[in-house]
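Here are some notes to read with the model open beside you.

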Amino acid sequence: MVKAVMYGYDESDMEGLFQSTRRKTRSTVIFILSIVAVILIIGIIYVVSLIFDKGLFSAGIKSFRWVFIAILGFGLLQFCGNPGAKLKSYPDSYKEGYIFTCFDNTEFYFTALQKQIVSTQELVNSAIGSIESKVKPHSYSELSKALEDRERLYLFFKSKDEYPLIIRKESVCDGTVEELKAILSAQLKDNYKTLRFKPIEEDVW
């Protein structure tokens, strides 16, 4: 049995979620193409202004400025994501409460409680101890995949009605991260993946 408790998802969790699923090559290409598209439109406006009227250039830039912003914004969104907007989509209990998760070899449990409900450490400890008996159990077959990066685990559900579940490794309080990884790997098999990341560089003195 592995249990974890963490307080509220934040934008760094959403950034990790975005980076874990971002197709880096595609998003980079889209970002570059958006810049090229803006440059191309500006070039066309400039050429047209040279042929017909030089005053058309400034007028054209003003007319198309929102188009430029939209194109660049779309490209930037594909490249960087929008953690703030993603965070807002989660219920308040996931942003300003405690998220409890519990995993065993056959099923898992999770719930998020408002901070007011579990306002003391004693209540937090009590919730950790009894989570599996008070919330609905979930089958691992409900998950489409699980991803791991250096700091977190991300669980994705097949149902679009369920938000991705994020578990910071540091939040594991009963059992170990290695035990949790072993459970997820055994249950999800090829649908459990460890993301590649650069090794931490040691400080050179």
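In what order do the 4 strands of the open sheet lie?

1. The order is β7-β6-β5-β9, and the pairing in this open sheet is mixed. Two strands count as paired if DSSP finds at least two bridges between them. Strands are DSSP runs of E with at least two residues, helices are runs of H or I with at least four, and both are numbered from the N terminus. At the edges sit β7 (165–168) and β9 (192–194), each of which pairs on one side only. On average, neighbouring strands here are turned by 15 degrees against each other, direction ignored.

2. A word on the source: this is a predicted model, where local features need pLDDT of at least 70 and side-chain atom pairs count only at pLDDT 80 or more, while totals for chains, interfaces and linings use all residues. Residues are numbered from 1 along each chain as its sequence is written, and side-chain values use heavy atoms, with hydrogens and water left out.

3. Next, look inside the sheet. Strands β5 (residues 143–148) and β6 (residues 152–157) run antiparallel and pair over 5 bridges.

4. Now turn to β1 (residues 2–7). This strand is largely enclosed by the rest of the structure, because 5 of its 6 residues are buried. Buried means under 20% relative accessible area, exposed over 50%, and partly exposed in between (1.4 Å probe, protein chains only). β1 pairs with β2 (residues 97–103) in the antiparallel sense over 6 bridges, and V5 stands opposite F100 in β2. Another 2 bridges join β1 to β8 (residues 172–174), also antiparallel, with K3 opposite D174 in β8.

5. Finally, please visit R168 in strand β7. R168 is buried, at a relative accessible area of 13%. Its side chain makes a polar contact with the side chain of D13 (2.6 Å); such a contact is a pair of N or O atoms within 3.5 Å, and within protein one must be able to donate a hydrogen and the other to accept it, while residues adjacent in sequence count only if both atoms are side-chain atoms. A polar atom of the R168 side chain also lies 3.4 Å from the backbone oxygen of Y7.

Definitions and conventions
Axes are lines fitted to C-alpha atoms, for helices over the stretch in contact, and angles run from 0 to 180 degrees between N-to-C directions.
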